Structure formats: C-alpha cells, structure tokens
Amino acid sequence: MASNNYRHAVFCAIVTLIISFPILGLNLEAQGVNITLTGAKTSTIVAIFLAAGAVFVFQAFRDSFSGLLGKLPKLNPLADKEPMEQSKRVKLESWILTGIVVLALFWPFVVSRGSVDLATLVLIYIMLALGLNVVVGLAGLLDLGYVAFYAVGAYTFALLSQYTGISFWMALPLGALLAGTFGLLLGFPVLRLRGDYLAIVTLGFGEIIRILLNNWTSLTGGPNGIGGIPEPTLFGMEFGRRVKGEGNTSFHETFGIAYSGEHKVIFLYLIALVLAVITALIIRRFMRMPVGRAWEALREDEIAARSLGLSRTAVKLSAFTIGAFFAGFAGTVFASKQGFISPESFVFLESAIILAIVVLGGMGSQLGVILAAIAVTILPELAREFSEYRMLIFGAAMVLMMVWRPQGLLPMRRIHIKLNRQE
Amino acid sequence: MQDLLYFSQQLINGLTIGSAYALIAIGYTMVYGIIGMINFAHGEIYMIGAYTALIAITGLTALGLAWLPLILIVALVCAIIVSSTMGWAVERVAYRPVRGRHRLIPLISAIGMSIFLQNYVHLAQGSRNIGFPLLIEGGFKFGSDGHFEMSLSYMQITIFVTTLICMTVLSLFISRSRTGRACRAVSQDLGMASLLGIDTNRIISATFIIGAALAAVAGLLLGMYYGSVDPLFGFIAGLKAFTAAVLGGIGSIPGAMLGGLILGVSESMTSGYLSGEYKDVVSFGLLILILLFKPTGLLGKPEVEKI
Amino acid sequence: MLEVQNLSMRFGGLLAVDQVSLNVQEREIVSIIGPNGAGKTTVFNCMSGFYKPTGGKILFEGKEVQGKPDYRISRLGMVRTFQHVRLFTQMSVVENLLVAQHRHLNTNMLAGLLGTPNYRAREQKALDRAAYWLERVGLLESANRDAGNLSYGQQRRLEIARCMVTEPKLLMLDEPAAGLNPAETQELNQLIVSLKEDYNVSVVLIEHDMSLVMDISDRINVINQGRPLACGTPEEIRQNDDVIKAYLGEE
C-alpha cells in the first residue's frame with residue numbers, strides 16, 4: 001500500500017514537471033525574425049520544483065491528509081445546519097440588499113471620481129449578471145454568447161445616435177427591446193437543442209455577431225468602433241461644459257454652480273444604480289410568477305414539465321428573451337458611459353467573465369450574483385499586480401466551484417409560494 | 001483554365017487545413033463518445049502542443065542540431081509528451097470529480113479549464129504571437145496560365161502524410177489492440193463495460209491521452225503551416241474542430257475525419273471566393289445549421305430520449 | 001373517447017410495439033397488463049406524445065393526435081404519470097400543483113409584474129384548487145414541504161394530484177402501485193375508482209402484476225412482447241389460456 005502511494009506520488013510529481021517546465025521554465029523571445037530560447041528567472045524554476053515537491057508530498061501522504069482535513073472545522077459553517085427558515089432568510093436577504101443600495105447611494109459623494117467610474121462598471125456587470133442569471137441559473141440554459149445581446153444594445157444606441165441623434169432615454173428601451181428581439185429570433189430555432197449543444201451554438205452566434213461588427217466597416221466602423229456617443233441628460237440638461245444638443249440646457253448653468261466633470265460621472269452612476277435596482281426587482285418578481293415556476297420546473301425535470309402541458313420552447317424562449325433584454329439595457333448604459341464602443345468589448349472572454357460571476361455567485365441567487373459581480377470587478381483593481389492573474393484565477397475558480405460546490409457560494413433557494421389555510 | 005486552377009488550389013488548401021482539423025476533432029469525438037462531455041479545453045491542449053514544439057525546435061536549433069528530420073521528430077515527441085500529460089492531468093483534476101453530474105457542470109468546468117490554460121501560457125510566454133520558423137520550404141508547381149500558378153507545397157504534403165499515418169495507426173489501435181477494444185466497449189455502454197471488469201477510469205484516461213497526442217501533432221503541423229502561434233491559437237481552432245466532429249457525427253471517428261475535410265474545404269472556398277474575414281462565419285453558420293437540422297451529423301447514430 | 005388503432009413503434013431494428021389496439025370509453029378504467037418489457041410504457045410514450053409512433057393511429061375524442069407534441073396532447077386533456085415518480089423535488093408540494101396549472105394561470109408578463117386583479121384572482125384560484133386536491137389525497141399538512149422530502153407513497157399520490165389539477169379527461173397511470181405496500185395499494189385503488197366515479201375521468205392503467213388491477217378495471221388489455229395477446233373483462237382475462245400461458249411461462 002505504502003509503496004503504491006509512493007509510486008503514485010513520484011508519478012504525479014513527474015507529471016507536474018512535464019506540464020510546467022517546458023511552458024513556464026523556457027521562454028521564447030522574438031528578436032526581429034529570430035527567436036531565442038531563454039531560461040526563466042531562477043525564482044520561477046525554483047517555484048516549479050517546489051510545486052512538484054508539494055505534489056509529491058501531498059500524494060504520498062494523501063491518506064493522512066484527508067484524515068486531518070476531516071477533523072478540521074467545515075469550510076462552510078452553515079453546511080450542517082438546517083437551512084434558515086424561508087421567511088427569515090428572505091427578510092435577511094432583503095435587508096442586506098437594501099443596505100447595499102443605501103450604501104451605494106452615498107458612495108459617489110465620498111469617494112474619488114475614478115472609484116465612481118469603477119462603481120458604474122460594477123453596476124453594469126451586475127445588470128448583465130442578473131440577466132444571464134435568468135438564463136443560466138433559473139432556466140438552466142447555458143448561454144455562451146450572452147455578450148452578443150450586450151453588443152446589440154450598445155451598438156443600437158451608438159448607431160442611432162450617429163445617424164439620427166437619438167437621446168439616451170429613447171435609446172434605452174429601444175436597445176433593450178432590440179436585444180430582446182434578437183434573443184427571441186436566435187433562441188427560437190436553437191432552444192430545442194440539448195444543453196451542451198445549445199452552449200456551443202450560442203457561442204457560435206456570439207462570435208458571428210462580433211465578426212460581423214468587425215467587418216461591416218461601412219456601418220459599424222469595423223475595428224475602429226463608433227465614438228461620440230452622447231451622455232444621458234436630466235430633463236434636457238446636459239452635463240458637459242458646453243451644450244451640444246439642440247434645445248438642451250446645461251446642468252451647471254441651470255443650477256448656477258461651477259462646472260465640474262464629476263457631475264456627469266455621478267449622474268451616470270446614479271442612472272446605472274437605478275437601472276440595476278429596477279433589473280433586480282423585476283427579475284425578483286419574475287421568480288415568483290408562473291413563468292419563474294415554469295423555468296424551475298423545466299430545469300428540474302423537463303419530461304415531467306412537458307407532460308403537464310408546459311411548452312419547452314415557449315418557456316425557454318421567455319428566459320432567453322428576458323436575459324437578452326437586460327443585456328441590451330446594460331449595453332446602452334455601457335455605450336453611454338464609454339462614449340465609444342468597438343467590437344473589442346464584446347469578445348467571448350466577456351461572456352466568460354459574466355458566466356463566472358453567475359457561477360461564483362451561486363446560480364440563481366441574486367444576492368450571490370451581486371456580491372460576485374462586485375468582487376470580480378473590484379478585486380483586480382485593488383491589487384494591480386493581481387490583475388494580470390485575473391483570468392487565470394477566474395478559470396481556476398470556475399473549475400474549483402464545479403468540483404467543490406456546483407450550486408455556488410450562496411446556493412439559490414427560490415422564494416416558494418406558501419399555502420396559508422385557516423382550518 | 002484559370003478558374004479550374006484556382007478552384008483546385010482552394011481545394012488543396014482546404015484539404016490541408018481540413019485534415020489537421022480532423023486530427024483535433026478526433027479528441028472531441030472520442031471523449032464525447034465515451035463520457036458524453038464536450039472537452040472545451042481541447043483547443044488549448046492543441047495550442048500547448050504547438051508551443052512545446054516551437055520551444056523544442058528553437059532549443060534544438062540553438063544547440064546546433066541541423067538535420068531537419070531529427071529536429072522535427074524530437075519536437076513532435078516533446079509536443080506529444082507534454083500535451084498528453086496535460087490532457088491526462090486536466091481530466092484528473094477538472095473532469096473526473098464532476099463526472100456523472102448534470103451535463104452543464106462538466107462543461108462549465110471545461111470552460112474554466114480552457115480559460116485557465118489560455119492564461120497560463122499567456123503569463124508564461126507573453127500574449128504576442130511568436131513566429132514559427134519556416135522549416136519545410138518549396139513545393140511542386142503545376143500548370144500555370146501566366147496569371148495564376150497552382151502549387152502544392154512540401155509542407156502541405158507533410159501535413160497530408162502525417163495525418164494519414166496518424167489515422168491509420170489510430171484505426172489499427174482501435175480495432176486491434178486490447179485497449180482499443182476496451183475503448184469501443186466503454187463507448188457503447190460504460191456501465192456494462194465496468195461490470196465486465198474493464199477499468200473504465202483507465203480507458204477514459206487513455207482516451208484523453210490519445211486525443212491530446214493527436215492534437216499535439218496537429219499543433220506542430222498547423223503551427224508550421226500558419227507560421228506563428230499565440231495563446232489564443234487554440235480557441236478558434238478548437239471550435240472549428242468541434243464543428244468538424246459534430247458535422248461528421250459526434251462519437252464517430254470516421255465522421256470526425258470526414259467532417260474535418262468538409263469543413264476545411266468549405267472554409268478555404270469561402271476565403272478563396274468571398275473573403276477571408278467571413279470564413280469563421282461560414283464554419284459557425286455550418287455548425288448551427290447541422291445542429292438544427294441534423295444533430296446526429298453525417299455518420300452519427302440517432303439518440304432515443306429516455307423516459 | 002380514446003381509440004388506439006394498430007399502433008406500432010420501431011427503434012432501429014427493434015419492433016417494440018406491434019399492432020396494438022385499445023379503446024377507452026368515458027368513465028371507464030382500462031388496464032394494460034403484460035410482463036416486464038412487453039412494451040407497455042412504450043405504448044404510453046406514444047400516447048402522451050413523447051414518441052412519434054412509426055405506425056397506426058391514436059384518436060382522442062375523434063381527432064388524430066399521434067405525433068403531436070407532448071405538451072399539446074397534455075393540454076387536450078390526456079395527462080400521464082411516470083413509472084419512476086417524476087416530481088419537481090426541489091419545489092414545494094403546492095408549487096408542484098401550481099406548475100401543473102400553468103396554462104390556467106395568467107401568464108402575461110406585464111399582468112404579473114403589475115399584479116393586476118385578474119392575475120391575482122387566477123393565482124388564488126389555482127391555490128384553492130391545489131389545496132382542494134391536496135386535501136383529497138391527504139397531503140394538505142405537507143403543502144409547504146419540499147416534494148423531495150415526502151415518503152414514497154406520498155410522492156405517488158402527489159403525482160396523481162398534480163395530474164388532476166390540470167383537469168384531465170383521461171388519466172394515464174404508469175404502474176402507480178409500484179413500490180407501495182398492500183395497505184397503500186388498497187388506498188390507491190380506492191382513489192382511482194373515485195376519480196372515475198366522482199370526477200368523470202377515464203383512466204388507463206399500466207401494471208405488470210395482474211392481481212392489482214382485477215378488482216378495479218372495467219376492461220383489461222394484455223400485451224406480450226409488443227403484440228396484443230388478449231382483451232376483455234377481468235373475468236374473461238382470468239380464464240384466457242394464452243394469458244395464463246404467457247404469465248406462467250414467464251414465471
């Protein structure tokens with residue numbers, strides 16, 4: 001037994017060396033046309049061997065390790081406890097959410113402009129993740145091309161503003177509706193596919209839309225993108241130093257205060273906040289409606305749901321369309337915030353980031369998704385040197401989550417309707 | 001005359017790329033045939049194969065080795081070893097613990113793995129693309145009409161021949177060897193095979209190793225053919241190869257070969273007659289159409305829904 | 001009201017169901033019996049629209065329904081249960097019954113978001129009907145528990161209640177007594193008879209154990225190896241030589 005363990009441990013250590021040394025330990029460097037091969041820094045080499053050593057030790061004494069782990073307190077203190085009673089949990093969750101919103105309202109007035117800008121981005125991600133959560137978490141459909149609908153929203157605003165001078169407030173519902181329509185049209189043929197095929201097909205759709213945006217230069221400007229997208233106005237008041245739109249006034253003149261670039265940033269942040277709250281509330285409401293139950297039923301047991309008269313296509317399509325709708329919403333805000341968009345913002349990686357947020361947040365759980373969106377967006381900003389490793393850690397985290405807790409950090413419990421009877 | 005020459009040229013180019021796609025597609029189709037999951041990280045295994053081969057070629061050249069066949073063979077062996085080991089490790093770490101759970105869970109795990117490996121190479125080797133040295137130069141020239149000259153390069157011949165050898169060895173392995181027979185048994189009925197005393201875990205590992213080895217071969221070939229590699233090298237190629245596998249009928253090895261060739265040709269025809277930018281659109285469009293209208297592919301078996 | 005004519009179902013080279021015919025009148029309990037693997041469930045899968053039969057016709061209230069999508073057949077009033085109970089285990093008991101009433105509810109998104117009176121009224125009506133049926137099958141106390149936490153017998157009853165809230169005309173039960181003890185089976189039989197007597201529902205019942213259905217069936221169809229073997233009243237079946245042979249030959 002023991003020698004078997006040793007052999008396995010040596011084997012695993014060698015595997016570690018093989019998969020890490022050539023790629024990590026030897027660096028290719030292009031110098032003009034020539035390529036040279038240099039050894040990595042000593043520290044990297046040492047790290048590789050340390051890693052192999054660690055794997056060896058772990059595998060050799062695996063039995064004693066797992067014994068020790070069993071004695072350690074559980075990672076999740078709630079794991080053994082009875083789940084909190086539903087009414088209590090719902091109340092707690094609403095309190096936390098309200099707390100976050102109140103905090104978010106004061107946020108822009110106490111921090112720097114850069115932080116507000118970042119917070120706006122977080123809110124956009126929250127909207128996106130909440131929307132994707134409907135598709136993946138509630139309806140159980142893996143959509144890998146979600147970013148396409150985000151792009152539809154953003155490009156709708158950008159193009160309409162370029163050609164017709166449409167304002168943000170007009171573009172917001174239009175972008176969302178158009179993205180929703182796209183979801184409806186794309187979803188209709190593909191939603192009868194089995195889960196993993198659906199994932200790949202949506203990925204294909206996402207890529208097609210990106211390639212079209214990139215190459216249809218006459219309309220979309222191709223890789224150069226579209227600029228000059230206007231910011232939102234407040235009852236016809238603009239936040240720029242000079243008024244651009246016809247018939248508009250400027251915010252600082254109307255109120256007789258000095259011009260400050262911060263007004264605009266804060267205003268955009270507040271809009272994003274309101275929209276994110278609306279998104280969360282609407283989706284929360286959906287979860288308690290017949291359609292929300294139908295999503296869950298179809299996800300749990302498709303055959304039983306169909307035998308009860310639920311149309312698979314109609315139910316899935318509703319989730320897909322609603323998800324796309326909110327992506328369009330977020331896209332419009334994003335276009336307005338950046339003032340400039342290009343296909344580079346809508347690559348597969350972006351879909352993967354949003355998916356990672358949903359997965360980490362506990363598929364289906366709103367609070368979890370919101371917290372995950374905050375963490376995923378802000379952590380890389382807090383530690384700059386860490387941002388390089390961001391995607392590496394995302395990937396690893398997704399694998400770990402699937403292996404360890406596929407239901408996410410805050411597992412979802414949809415709010416159940418109760419039957420209250422007086423006897 | 002020129003039309004015909006041009007057409008034949010596109011056909012040759014398409015078959016070249018297509019046979020390399022087929023090599024990668026085998027990995028998808030075998031894994032799907034056995035455990036019913038899409039190994040989303042397979043494209044990254046192929047990319048790592050290409051990087052390893054380039055590292056080996058550069059290293060050997062720097063050591064003063066000049067005999068080309070030896071360089072190529074050593075590079076190939078290195079690529080196969082690293083990729084196969086990677087394939088084995090990926091299965092152990094990311095797929096085995098989630099095997100048998102809901103279909104989407106292994107898929108999300110695989111997507112995570114794909115992102116991880118992409119960034120692993122990105123961090124180690126940088127994000128810029130690195131040129132692959134042109135080792136096999138020249139080729140045959142055919143009928144020219146003064147404007148257009150059709151050619152078949154030695155590189156293309158190398159790709160054809162290598163693919164042919166790999167496919168033959170694989171077919172022999174699957175049909176003759178003990179492990180190959182066990183592979184077929186497991187892909188027909190995993191539960192039954194394990195009752196009959198086949199170590200299914202070993203067979204699944206073997207499948208990943210074989211798929212990864214073939215992907216490494218494709219990595220070296222296409223790396224040389226395209227002339228450069230970068231960390232995103234595997235992503236699109238992986239999707240293309242997956243399309244090829246689905247086109248031919250996922251789970252079927254001859255299907256993967258056929259699918260690869262069809263995809264390669266339709267792609268090169270698109271770039272030849274339409275525009276290179278839209279070749280990806282055509283292959284994704286093809287994927288979507290097949291899944292919609294014939295999800296079992298050209299050579300796949302129909303599936304009956306279990307109730 | 002239901003007439004199955006020469007139904008055949010072929011999977012590749014295997015002919016699972018061969019020329020099976022069946023008819024059900026209003027307020028009648030008809031059983032399909034046969035040894036394991038005789039193709040009974042395949043007949044059900046064709047009738048409920050999960051499989052597209054390769055031959056024959058299925059007429060429900062005079063209209064051809066073979067090959068129609070499953071959810072449409074269910075909406076026509078032919079609802080089934082499953083051999084292995086299929087509940088939404090993570091939803092509460094009452095929600096299982098609400099999902100079944102999906103098409104009776106106001107599913108207009110806007111109405112739901114705004115909470116219009118019509119929406120609320122229908123939601124309340126669905127809750128009332130759910131409560132009625134829960135009481136009927138003795139599960140009212142468990143209404144807010146997760147369906148997955150019920151005992152096996154309770155799950156069986158919940159599955160029937162879930163069919164009944166859809167207000168079906170024809171109920172198809174696939175081995176409803178499987179895994180139940182004799183007392184529970186007795187209770188179940190009473191329930192099935194009362195569905196017919198009190199709610200005017202016709203019932204098609206699959207069972208492989210003959211003795212269970214003898215008392216409650218009006219007529220019995222026996223199939224063996226996908227082919228019809230006999231049909232008639234329980235008394236006739238009991239004395240049919242072919243049936244006796246098929247059953248004795250198996251055991």
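Predicted model: local features only at pLDDT ≥ 70, side-chain atom pairs only at ≥ 80, totals over all residues.
Domain bounds here come from an automatic or database domain assignment. For chain A, that assignment gives domain 1, spanning 2-71, and domain 2, spanning 86-404. Taken over C-alpha atoms, the centres of these two domains of chain A sit 40 Å apart.

Turning to chain B, the count is 11 helices and 4 strands. Its radius of gyration comes out at 20 Å, close to the 19 Å from the globule rule for 307 residues, so chain B is as compact as a globular protein of that length. Along the principal axes, the C-alpha atoms of chain B fill a box of roughly 65 × 50 × 40 Å. The unreviewed UniProt entry annotates "transmembrane region" for residues 20-38, 45-64, 70-90, 102-121, 154-174 and 203-226 of chain B. Two of these stretches can be checked against the model. Residues 20-38 of chain B are 84% helix and 0% strand, with 19 Å between the end C-alpha atoms. For residues 45-64 of chain B the figures are 90% helix and 0% strand, and the end C-alpha atoms lie 29 Å apart.

How do chains A and B meet? The contact involves 42 residues of chain A and 49 residues of chain B. On the chain A side, at least two residues each come from helix H1 (2-25), strand S1 (26-31), strand S2 (34-39), helix H7 (168-190), helix H8 (195-215), helix H15 (348-360) and helix H18 (390-404). H8(A) gives the most to this side, with 11 residues. By class, the side of chain A that touches chain B divides into 34 nonpolar, 5 polar and 3 charged residues.

Chain A also touches chain C, with 25 residues of chain A in contact with 32 residues of chain C. Helix H11 (261-288), helix H12 (290-300) and helix H13 (302-307) of chain A each bring at least two residues to the side that touches chain C. The largest share, 7 residues, comes from H12(A). This side of chain A has 13 nonpolar, 4 polar and 8 charged residues.

Chain C itself has 10 helices and 10 strands. With a radius of gyration of 19 Å, close to the 18 Å that the globule rule gives for 251 residues, chain C is as compact as a globular protein of that length. Its C-alpha atoms fill a box of roughly 65 × 40 × 30 Å along the principal axes.

One of the sheets in chain C is open and has 4 strands in the order S2-S1-S4-S5, with antiparallel pairing. Strand S2 (14-24) and strand S5 (63-64) of chain C are the edge strands, each pairing on one side only. Further in, S1(C) and S4(C) run antiparallel and are joined by 5 bridges, and Gln5(C) stands opposite Lys57(C) in S4(C). The hairpin of S4(C) and S5(C) has 2 residues between the strands, and Glu61(C) takes a positive phi near 50 degrees in it.

Another open sheet in chain C has 6 strands in the order S6-S7-S8-S3-S9-S10, and its pairing is mixed. Strand S6 (78-80) and strand S10 (227-232) of chain C stand at the edges with a single partner strand each, so one side of each is left without a neighbour in the sheet. On average, and ignoring direction, neighbouring strands of this sheet are turned by 20 degrees against each other. S6(C) runs parallel to strand S7 (residues 170-174) of chain C, with 3 bridges joining them; Met78(C) has Leu170(C) in S7(C) as its bridge partner. H1(C) packs on this sheet, touching strand S3 (29-33), S6, S7, strand S8 (202-207) and strand S9 (219-224) of chain C, and its direction makes about 145 degrees with that of S7(C).

Key. Residues numbered from 1 in each chain as written. Chains lettered and ligands numbered in written order. UniProt positions renumbered as here; feature names shortened; annotations may be inferred. Pairing = 2+ DSSP bridges. Contact = placed C-beta atoms within 7 Å. Nonpolar A, V, L, I, M, F, W, Y, C, P; charged D, E, K, R; others polar. Rg over C-alpha atoms; globule rule 2.2 N^0.38 Å. Axes fitted to C-alpha atoms, helices over the stretch in contact; angles between N-to-C directions.
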